[in-house]
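Subject: Handover of a structure for your work

Dear colleague,

Please find the structure below, handed over for your use. My notes on it come directly after.

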Amino acid sequence: MTESGTVPRVRPQAARLGGVFEAVSAGLPYETATHEAMAPKEAIVNIRDFDLWYGATRALYRIALDVPRGEVTALIGPSGCGKSTLLRSVNRMNDLIATVRIEGDMRLDGESLYSAGVDVIELRKRIGMVFQKPNPFPMSIYENIAYPLRIDGVKDRKVLDEVVERSLRSAGLWDEVRDRLDASALRLSGGQQQRLCIGRAIAGNPGVLLLDEPCSALDPIATGRIEDLIQELKGQYTILMVTHNMQQAQRASDNTAFMYLGRLVEYGPTQDIFVGPRLKETEDYVTGRFG
Amino acid sequence: MHADPHSSASSAPRVRKTPRSVRRAERLATASITIGGLGTIAVVTLIFAFLLWVVWPLFASASVERLPTLALEGVEADSPPVRTGTNDEGTLGWRLRADGRLDVHDLATGALVQRQTLFEAEGATAFAFASAAGDDHSLPNVAVGFADGTMRPGRIAFETQYPTDVSEGVREGDAYEGGLLTRTPGGQWRLDRLQTSLQEPVSLASARIELLDLSITPQGVAYAFLAADGTLQITNLQARFDMMTDREVFDVVAKPLAYTADAALGPPSHLALSGIGNTLFLVWRDGTTWRYDARDERASAGYEVVEVFDMLPDDPEARIDRLTHLVGKGSLVAADQRGRLHVWFASRPAGAYAADGLVMTRGHVLVPDGGAAAPTTALAASPRSRLVATAHADGTVRLYHVTTEQRLVEAGTQRGLPAEALVIAPQENALFAWRGANLERWQVDVGHPEATLGSLFTRVWYEGQVGPAHAWQSEGGSDEFEPKLGLMPLVFGTLKATLYSMLIAAPIALLAAIFTSEFLVPRWRARIKSVIEMMASLPSVVLGFLAAVVLAPLIEDTLIVVLVTFVALPFVVALGARLWQLLPARTAVRLEGLPRLGAISAMLPLALGVGILIAPTVERLCFAGDVLAWLNRGRGEAAGGWSFMLSPFAFALAGLLVFRVGGGWVRSVSTQWSRLQCALVDLLRLLVVVAVGLLLAWLLGLAFGGTDPRGPTGTGLAYQPRNAMIVGFVMGFAIVPIIYTLAEDALSSVPRELREASLGCGATPWQTAWRIVVPTAMSGLFGALMVGIGRAVGETMIVLMAAGNTAIMEWNAFNGFRTLSANIATELPEAVKDSTHYRVLFLAGFVLFAMTFALNTVAELVRRRVRRRLEDL
C-alpha cells in the first residue's frame, strides 16, 4: 500500500458519513480499507493497482485485492460497481471485448496474468468459471462434464468416466443424474444445470473457481443447494464469487469485498464486514439502507 | 369524450379508453393480413392446380368412337383397292384399284365425288407410294410398275382451292367439279379436290417389274425395283437445274444390286427402300431379310448384301402378312400372322459385324392383348408420328404407338369382316377401314401417346439407338423427327448443376461464416458481411454472361493453372498459417485485426501465382504437356491424370498420417519448446506432408494407371468450354451470399454464454467454434445450405448461358448439361400451345417445383430433427 504524497487521500478513519462516496464521486483516489485480519492469509490471486477501461469509460480504479487460498471470497456492491468486470479480469474473459484496456497487474500463484507472453488458453485451464445464467452445452450431461478434458485431447474412456463421476459427485449432482448421463443437459432444471456448470468448471481441476452471481437465476431451494456446495468445495478450491445477495455473502463466504463505482471500498473477513464494518458506507450497504 | 386538458388536472382520474380509430385500424390490419395470407395460399394452390391442369392431358388414355358404316357409292364388293388415302381433315378419301380406277368419296356420306382412270388397265404389276412426300408439289409420291419393265411416277394429292365463282344454288357438301365444297369460318368457299398426274413411262428393265418402292431423297427421288429377270436396282433421279434450257432436269443414276434368285426362298414378297434411298431391304414372307447398303455413290460394281437377318426370329413358322415403313422410313414394321408387330431399325453398336458398322435390331415388339390376334389384313403407319394401325382377319382394328409400345385403341367392326385397306387420317383424329363396298370409320383421340410416365422417366428405345436410353431432344430438322421427351437428362442436369455449385459454394460460404462470426473483430464483421451480401445483388444474367463470354474461354486457355491452383490453395494457406506462427507472439497479437485478414486474403492470389509457376511442370509430368489433348485422348498415359486427380486425396492422407500418427509424439516432446521452436517444427511437418503426399499421389497414379478415366476416344472426359466447372464457379459465386448470410446469422445467434463457457474451460477459439458453436447452430447451417441448394436448383440464367445445354448424363466436370429450368426457358417460347412438347415442358416445371418442394420438406424435417436432437440428445 504505497502512498503518494502529492495526491490528497481520504483516510478511512476520518471519513464522515458519505465521505467515501463523495470522494469517489468526485473522482479522487481512494485507498481500500483492508482489515488487518486479511494480512496473514496466504493469497493465491494478487491484484495490484488494477485499472480497466471500456473504451473511454473507466470501469475499475486501482483495485488492490489478495484472494486467500482455499477460502470463499465474495464481491458485493451495487449494480455497475465493477464486481463482474473484476471477476472476469481474473481469467481474462474481458479480452473478448475489443475495446477493453487494462493497466496494473494481476497474479495467479505469483505468475503475472497480463504480461505479454501469457497463453490465455493455458491460463483459463487453471481457472474455472461459472456464469450468472446456467449455460450447459447442448450436449449430454456426460459430455458437458468431459468437455474440459476433451479439448485437452483426453480420449481414454476410463479417465473420462472417473473425472465425470468425481466432478458430478463434487457438484452434488451425481445421485440425481447417474442413470441418465447420456440425456441432454438442457433437460435438467435450472438449479441442476447450474450445479452441472460447477461440475464442468471443476472437472478441469482448476485452482480457482470464479462464480459470477451463480444463484441469481435460481429459486431459493436451488440457491440453498448451491450455497451448501460452495461450503463443500472450499478448501479444495479457492472461490471468488460475485453476489447481489447480502445473506448469501454472509452465509457462504469467508471474506467479503465491498465495491462501489469501480473502487474497492472495504475488504475484510465476512464476519467483520457484516457485524463491524470500518466504514459507515459499508454498514449502510450491508444492512440495506443504501443500494 | 376527451377531457379538456386544462381542466384535467382538477377532474377525477381519467378513465382509460381505446379510441375508436385504434380499434378500426386494428380490425383493418387483421382483415388485410388475413386476406393477404389466404390470398398467398390461394395463389400457390392455383399455380399448382394450373400446372396440373396443363400436364394432366398427357396421361389421359386414348379414346375411340365408332361411326356408322358407310356404303361407298359406285364401289363393287369384289374389287379390293391397292391403296387408299384421305385428305388431312379426313373428309375425302381416295381408293385406287389395280386396274387404274381411282374413286374419290365423301367420307361423311359415302357419295362418289370423282372417278378417273389413272392408267390403262393392262399390265400394272407393282405399286409404290411415298406418304411423306406430300408437300413438295414437284415430287412424285406414287410409282406404278408395268409388265413391260416400265415405270410411271406420278402424284396423288389433295389440293385446296378457294373458288370465287361458285354459282348460286350450290350448297355446302355438294359434289362440285370433282371435289368437296365447304364454307370456311370466314364465309369463303373452300374446294378440296384430288389432283392426280402420272408421268410418261420410264423404261427401267426389260422384264416385268415385280416389286417397286420409292423414296424422296435430298437430291430427288430414288426408285428401287426388282424385275422378273432378277434385275435389282436403285435408280436415282437427281434434280438439277439446267442453265441452258432454264429448266429442272433429272439425271438418272442407276445403282445395280447383286441379286440371285434363291430357289429355296422363292421370290421375295416385299421390297423396301429406306429413308434417303440408299439402303434396300428385300423381304421374304418367312421373315428372311437381305439388307443392301448403297451409300457409296462411286461403287462401280453391284452392291452386295451387307446383312441377312430374320425379321420374325421367335417363331420359325411365322410369316409376314404386311410390311410398312414408319414415318421417316427409318424403321420397318412387319406384321406377322398372329397379329404381332415387329419393329426393326438400324443401330450402330460397338461390335457390329456388318461391313458398314450398322446392325438391324428389333427395337420393339407390339403384341395384341392376349399375346396374339387374327392374321393381319391391313397395316398403316401414320404420316406424322409413330402410330401404327392394324386390321385383322376377325374384323378388329388396333392402334399402337411404337416407341412407347402402347396399344392405344382396340376396336371391332360391326359385322366382324376384315378390312382390305386402312388409313390413319393425317391429323390422327380418325381411322378408316375399307372393306368391299363399305367404309368403317372411327373417331379417335390418341391424346399424347409419346408421353407416358414410362417414356418420360425411364429409358426408351428410340429409333436408331443401340438400346433403351434416357434422352431429351424435343425438336429435330424435319417433320419426321421423333421427339425424345425423357426428363431424366434434365433432372440429372439440374442435380449436376446443384452439386458442382454447392461443391464450390458450401465450403466457401460456411467457412467464411465461421470465420467472420468467430474469429473476426465485430467491427470488421459487419463490413465484410455487407460486402458479401452485396455479391447477391449481381443479376444472374450478368453472371451467366460473364461465365459464358469471359470465364469459359479464359479457363479453357488456362485450365491447367486453374486445376493446379485448386490443389495449391490449401498448401499456400497452411504454409501461410505456419509462417504466421513464426512471428513473435507480441507481433502476432498486434497484427490480429486487419493485417491478418489482409494476409489471409492474399492467399488466393498467392496460390494463383504458385499455380502459374508450377502449372507447366505439372502439365508436363501428368498430362504429357497438354491437358486438353490429354483429355481428348490425344496423348499421354492414364497414370499421370490419376496422380493429379487423386493428389488432394493423397495429400489429405499424408496429412492424416503425419499429424495423427506423429502428432501425439510431437505433442508430448514439444511441451518444453518455445513458441518459435514449435512453429519451426510445424513448418517442417508441413513440408513432410507435401513430400509424402507427392509420393502417395505418384503411387496412386501407378496403381490406377491400368484403367483409363477418359472413356472412349472423343467422348468421356473430353473438354467442353462451357461445362459444369464453369457453372460451379459462377453459380457458386451466386449462391455464396445467401448461404453465407443465413449461416452467419445462425452462428451469431448461438448464445454468447456458450462461447464464454467454452472459452472459460480453456478451449481455443477454434475448439469453441467447432465443438460448441457449429453443432449448436447446425440446424441453421443446414437450413442455409438447403436454401442454397434450392437457389441452385431453380437458377436459370447462369446455367442457360454457361452450361452448354447439352442434355447428356455424365458427372464429368468438364462436360456440359441441360437443366430443367434452362430447358423451359429455351423451349417454351417455341412450343406450340397444347402440344405434347408444351405440356411436357409444363411437366418439367412441375418436376422442378416438386424437387424444390421435396428439398424444402426434407430440409425442414432434418432441421427439426437436429434441433430436437440438440434438446433431447
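Predicted model: local features only at pLDDT ≥ 70, side-chain atom pairs only at ≥ 80, totals over all residues.

Residues are numbered from 1 along each chain as its sequence is written, chains are lettered from A and ligands numbered from 1 in the order in which they are written, and side-chain values use heavy atoms, with hydrogens and water left out.

**Interface of chains A and B**

In the interface, 23 residues of chain B are in contact with 27 residues of chain A (contact means heavy atoms within 4.5 Å). About 2,200 Å² is buried between the two chains, and carbon and sulfur atoms give 63% of that area. Buried area here is the accessible area (1.4 Å probe) that two parts lose on being put together, summed over both.

The count between chain B and chain A is one salt bridge, a term that requires a side-chain nitrogen of Lys or Arg within 4 Å of a carboxyl oxygen of Asp or Glu. A:Arg88 forms a salt bridge with B:Glu756, and the closest N and O atoms are 2.7 Å apart. Five residue pairs, both members at pLDDT 80 or more, are in polar contact across the interface of chain B and chain A. A polar contact is a pair of N or O atoms within 3.5 Å; within protein, one must be able to donate a hydrogen and the other to accept it, and residues adjacent in sequence count only if both atoms are side-chain atoms.

On the side of chain B that touches chain A, α17 (752-760), α18 (765-776) and α22 (836-872) of chain B each supply at least two residues. The largest share, eight residues, comes from α17(B). Helices (H or I, at least four residues) and strands (E, at least two) are DSSP runs, numbered from the N terminus.

**Salt bridges within the chains**

Over all chains, the structure holds 55 salt bridges. In chain A, the side chains of A:Arg126 and A:Glu111 meet in one at 3.5 Å, N to O. A:Arg126 lies in the loop between α3 (120-125) and β7 (127-130) of chain A and A:Glu111 in strand β6 (residues 111-112), so the pair ties together parts that are 15 residues apart in sequence. A:Arg126 is partly exposed, with a relative accessible area of 31%, and A:Glu111 is partly exposed at 46%. For these classes, buried means under 20% relative accessible area, exposed over 50%, and partly exposed in between (1.4 Å probe, protein chains only).

A:Arg157 also forms a salt bridge, with A:Asp161, the closest N and O atoms being 3.7 Å apart. These two residues are four residues apart in helix α5 (residues 157-170) of chain A, which means that they are separated by about one helical turn.

In chain B, the side chains of B:Glu89 and B:Arg190 meet in a salt bridge of 3.2 Å, N to O. B:Glu89 lies in the loop between β2 (81-86) and β3 (92-97) of chain B and B:Arg190 in strand β11 (residues 189-198), so the pair ties together parts that are 101 residues apart in sequence. B:Glu89 is partly exposed, with a relative accessible area of 34%, whereas B:Arg190 is buried at 19%. Salt bridges that share partners join B:Glu76, B:Arg97, B:Asp99, B:Arg101, B:Asp103 and B:Arg115 into one network.

**A nonpolar surface patch**

B:Leu538, B:Val541, B:Val542, B:Phe545, B:Leu546, B:Val549, B:Val550 and B:Phe733 form a nonpolar patch on the surface, with about 610 Å² of accessible area together. Patches are made of residues with over 30% relative accessible area and no salt bridge, like charges being joined within 9 Å and nonpolar side chains (Val, Leu, Ile, Met, Phe, Trp, Tyr) within 5 Å. Accessible areas come from the Shrake-Rupley method with a 1.4 Å probe, and for residues only the protein chains shown count as cover. Helix α6 (residues 540-557) of chain B gives the largest share of the patch, six residues.

**Two buried residues of chain B**

B:Thr390 lies in strand β26 (residues 387-392) of chain B and is buried, with a relative accessible area of 0%. A polar contact of 2.8 Å joins its side chain to that of B:His392. B:Val840, found in helix α22 of chain B, counts as buried at 0% relative accessibility. Leaving aside neighbours within four places in sequence, B:Val840 is in contact with B:Leu58, B:Ala451, B:Leu456, B:Trp472, B:Leu485 and B:Leu487.

With kind regards
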